[in-house]
Amino acid sequence: MAKKKVMLFIVEGPTDETSLSTVLNRIFSSSTVKFQVVHGDILTRDFTSSDKIVAAVWEQVKEFMGSIYRKSDICRIVHLTDMDGVFIPDDAVVEDDSMEIDDSPYYTETQIQTPNRAGILNRNQRKRDNIDRLSACPKVAGIPYSMYYFSLNLEHILHGRTNLSDWEKIRCAEEFDLKYGDDPDGFTLFMKESSFSVCDDYRSSWAFIKTELHSLERYSNFGIELPPVKVTDPEPIN
């Protein structure tokens, strides 16, 4: 029996893997689904050229491969990212003097509140540049590549919640896995047919999220990656 190829998902944190690993292994059963957890966001890094972000993605793939896998073992790279509101107008980033200087930004669906407005504006520009490059990148080192968004972040899409603590994220991830881990059709319908689903086609889904306040609002294009649910004909009634 031929060895299954690896479908590699690059994600920002461990709760992404907890939420999605079981159900994606069932959906993409013809491949071996694996996760490379970045423990951060490579899209916010400052690169001297747009090609450097592509190289950074390849470094994550090589880190996953280690001494176990070869490049030929990987059939596809799927990169999942939070949008973090990076495409909103600058005037929707609001400095809040009541916040402590080391407080994390506070997100709503209309603005980002932060104690360091200049820092967030700089982060937004870096991430926009990197997203623009990767969302138009069909391959990384010759391996098919695509990137999908869960804006404002994963919990926003899966649970309709934002600004969660680390403990709350872990609990939500475990609950989601219990709900959908053994229900791949239910998960697929959730991602493809919810009010947040942006699934017309890949290019237009990225054009959509880059406009107005959409990168703060609850939208995801991940349903594009998922195969359609197979509808079985009802058994005839005798």
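A cavity is a set of points, on a 1 Å grid over the protein atoms alone, where a 1.4 Å probe fits but cannot get out; its lining residues have an atom within 4 Å of a point.

This is a predicted model, where local features need pLDDT of at least 70, side-chain atom pairs count only at pLDDT 80 or more, and totals for chains, interfaces and linings use all residues. Residues are numbered from 1 along each chain as its sequence is written, and side-chain values use heavy atoms, with hydrogens and water left out.

**Exercise 1.** Find which residues line the largest cavity.

Solution. 
- Step 1: One cavity of 30 Å³ or more is present.

**Exercise 2.** Describe how helix 1 and helix 5 are placed.

Solution. 
- Step 1: Take helix 1 (residues 14-27) and helix 5 (residues 166-180); their axes come within 8 Å and cross at roughly 5°.
- Step 2: The two helices are therefore roughly parallel (angles under 35 degrees).
- Step 3: List the contacts (heavy atoms within 4.5 Å). T15, T18, S19, L20, T22 and V23 of helix 1 meet K169, I170, A173, E174, F176, D177 and Y180 of helix 5.

**Exercise 3.** Is D46 buried or exposed?

Solution. 
- Step 1: Locate D46 in the loop between strand 2 (32-37) and helix 2 (51-65).
- Step 2: Its relative accessible area is 65%.
- Step 3: D46 is therefore exposed (over 50% relative accessible area, with a 1.4 Å probe and protein chains only).

Key
1 Å grid on protein atoms, 1.4 Å probe; cavity = no way out; pocket = protein on both sides within 12 Å on 5 of 7 lines; lining within 4 Å. Points joined across faces, edges and corners; volume = space filled by probe spheres on them. Axes fitted to C-alpha atoms, helices over the stretch in contact; angles between N-to-C directions. Helix = DSSP H or I, 4+ residues; strand = E, 2+ residues; numbered from the N terminus. Parallel < 35°, antiparallel > 145°, perpendicular 65-115°, else oblique. Buried < 20%, exposed > 50% of the residue type's maximum accessible area, 1.4 Å probe, protein only.
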